[in-house]
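Work through the exercises below with the structure in view. Try each task before you read its solution.

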Amino acid sequence: MRGRSLLWPLAVTLAALVAWEAVVAALRVKTLLLPRPSLVAGVLWSRAPLILEHMWPTFYQIVLGFLLSLVGGVVVAVLLTYSEIVRKGFYPLIVVSQIVPKVAVAPLFVVWFGLGDLSRLLLAFLIAFFPIVINTATGLTSVDDDFVRMARGYMGTRRQIFTKIRLPHAMPLIFGGMKISITLAVIGVVVAEFVAAQRGIGYLIVMANGLLDTPLMMAAIAALSLMGLALYGVVAGLERLVVYWQVRTETPRGGFA
Amino acid sequence: MRDSVVVDGVGKTYAGGVEAIREARFRVAPGEFLSLLGPSGCGKSTLLMMIAGLLAPSRGSIRVDDAEVQGPRRDVGIVFQSPVLLPWRTVLDNVLLPVEMLRLRRTDYARRARDLLSMAKVDDFAAKLPHELSGGMKQRVAICRALVHDPALLLMDEPFSALDAMTRDQMGLELLRIWDVHKKTVVFVTHSIREAVFLSDRVLVMSPRPATIGFETDVKLPRPRTMDMQEADEFNRYVGLLRHSIEAGTRP
Ligand SMILES: Nc1ncnc2c1ncn2[C@@H]1O[C@H](COP(=O)(O)OP(=O)(O)O)[C@@H](O)[C@H]1O
Ligand SMILES: [Mg+2]
């Protein structure tokens with residue numbers, strides 16, 4: 001089942017790479033403009049130590065920023081659900097704050113929080129935080145009234161209703177938020193690295209750009225994408241374990257025939 | 001013998017100004033199976049939720065086991081129209097939810113939960129998740145959950161109305177079988193005349209909103225009730241009697 005669902009996307013990707021390779025060779029496109037995929041793969045291999053060295057700080061800041069936004073987002077969502085003051089006073093502010101394009105704030109963060117890890121971490125947090133808040137709050141409040149009435153009928157306390165009903169009910173939505181959030185955390189860290197950093201994949205891309213080393217730039221982008229994919233895969237795998245009760249619809253065979 | 005439930009001059013006007021119940025006054029004897037019969041929207045659920053302590057009456061008072069109802073009580077079990085099973089819990093864990101909520105020892109009740117499930121013929125599904133069960137099976141589980149903590153009073157709000165006709169008759173029979181073993185007081189809300197006659201010792205007819213209790217009758221059909229009784233003249237005489245009283249109530 002799972003193997004088969006990956007088969008088609010892999011086949012399409014492979015076909016695209018082959019086409020790319022063929023087009024670049026046939027039209028003799030300059031390497032500076034668009035290197036062949038095989039060349040990029042070669043650079044990915046030969047300069048692996050350099051790429052890995054820059055991958056590590058990017059990786060841990062993504063993970064840290066994501067975890068921070070997960071914890072912060074869930075806490076804020078709980079406050080939004082249970083405190084009218086927070087809901088009325090802060091919720092509009094949180095929504096409005098999302099209209100400010102956070103990427104544009106990156107240089108400001110460098111001014112405020114310095115050139116170190118902190119400004120990158122905070123940018124990742126700020127970007128990744130919102131989907132968690134929205135999804136968690138929606139999940140906690142979208143419990144059917146009948147469930148709450150049933151629980152109250154058996155003398156369930158507010159705390160019991162939260163832990164035994166609202167939180168598990170919100171889990172599928174929280175994971176939905178986490179999957180968006182993890183990809184946004186990647187963007188946050190890399191953009192912050194573009195602005196000011198001495199290391200990290202974002203820094204490597206900018207540096208390779210300055211040296212007109214397009215193959216290295218593309219190798220760095222490929223490495224970053226693979227890392228993003230792996231992180232997403234981890235979250236999606238966790239989701240399958242935690243949200244075990246979600247009915248996965250079995251697609252009928254035969255398609256639309 | 002003292003009454004299990006006393007509803008004394010109870011009225012309910014919702015915050016928006018909707019008067020759901022004008023006045024209700026009745027008593028339920030211990031072990032009695034009482035049905036509240038009335039058209040949709042007449043206030044049956046409202047009345048039942050007030051007995052359950054989930055809704056406060058605007059006027060009058062309700063007593064359960066000689067104590068004024070001021071909120072949910074631990075000796076009451078409730079079955080709703082939908083099964084309201086938690087999708088992430090197995091059938092057995094769903095049945096044991098009241099035990100957890102009431103902070104009773106799970107080990108003391110696990111046995112009872114399994115016995116109830118086997119009486120309701122769903123014990124094979126104890127370890128399954130609710131989505132693997134049919135609608136009728138889910139509602140059986142909901143009934144087991146309502147009985148797990150051994151309440152004296154069982155409140156049922158149109159529990160079979162979402163089921164197909166055949167399942168529905170079957171469920172009625174099985175409810176009576178369980179009721180026969182456990183001897184609970186039952187207040188059963190329904191808009192089906194036949195269902196009310198088939199199950200009950202006594203039927204109260206509610207008028208359309210704002211509701212009052214318009215008519216009541218004892219159902220003196222022998223027990224245990226059987227499916228065949230539904231064709232008996234006596235059964236249909238009760239059905240006719242109740243239908244006439246409902247039609248009289250709906251006249252402007
Ligand atoms: N929370 C509520 N607020 C205002 N009106 C309500 C509320 N719940 C029910 N009602 C109204 O009260 C009347 C009786 O409702 P209900 O008790 O659910 O009837 P039944 O169970 O007999 O179908 C209906 O007209 C309904 O619209
Ligand atoms: Mg109702």
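**Exercise 1. Find polar contacts of ligand 1 with chain B.**

Solution. Start with B:Lys44: one of its polar backbone atoms is 2.8 Å from an oxygen atom of ligand 1. A polar contact here is a pair of N or O atoms within 3.5 Å. Next, take B:Gly41, which has a backbone N or O atom 2.6 Å from a ligand 1 oxygen atom. Then turn to B:Tyr14: a polar side-chain atom lies 3.3 Å from a nitrogen atom of ligand 1. Taken alone, ligand 1 exposes 570 Å², and the protein buries 61% of that (Shrake-Rupley method, 1.4 Å probe).

This is a predicted model: local features need pLDDT of at least 70, side-chain atom pairs count only at pLDDT 80 or more, and totals for chains, interfaces and linings use all residues. Residues are numbered from 1 along each chain as written, chains are lettered from A and ligands numbered from 1 in written order, and side-chain values use heavy atoms, without hydrogens and water.

**Exercise 2. Which helix of chain B gives the most to the shell around ligand 1?**

Solution. List the residues around ligand 1; among them are B:Pro39, B:Ser45, B:Thr46 and B:Arg209 (a heavy atom within 4 Å). Now check the helices (DSSP runs of H or I, at least four residues). Helix α1, residues 44–51, gives the most, with three residues.

How values were computed. A polar contact is a pair of N or O atoms within 3.5 Å; within protein, one must be able to donate a hydrogen and the other to accept it, and residues adjacent in sequence count only if both atoms are side-chain atoms. Helices (H or I, at least four residues) and strands (E, at least two) are DSSP runs, numbered from the N terminus.
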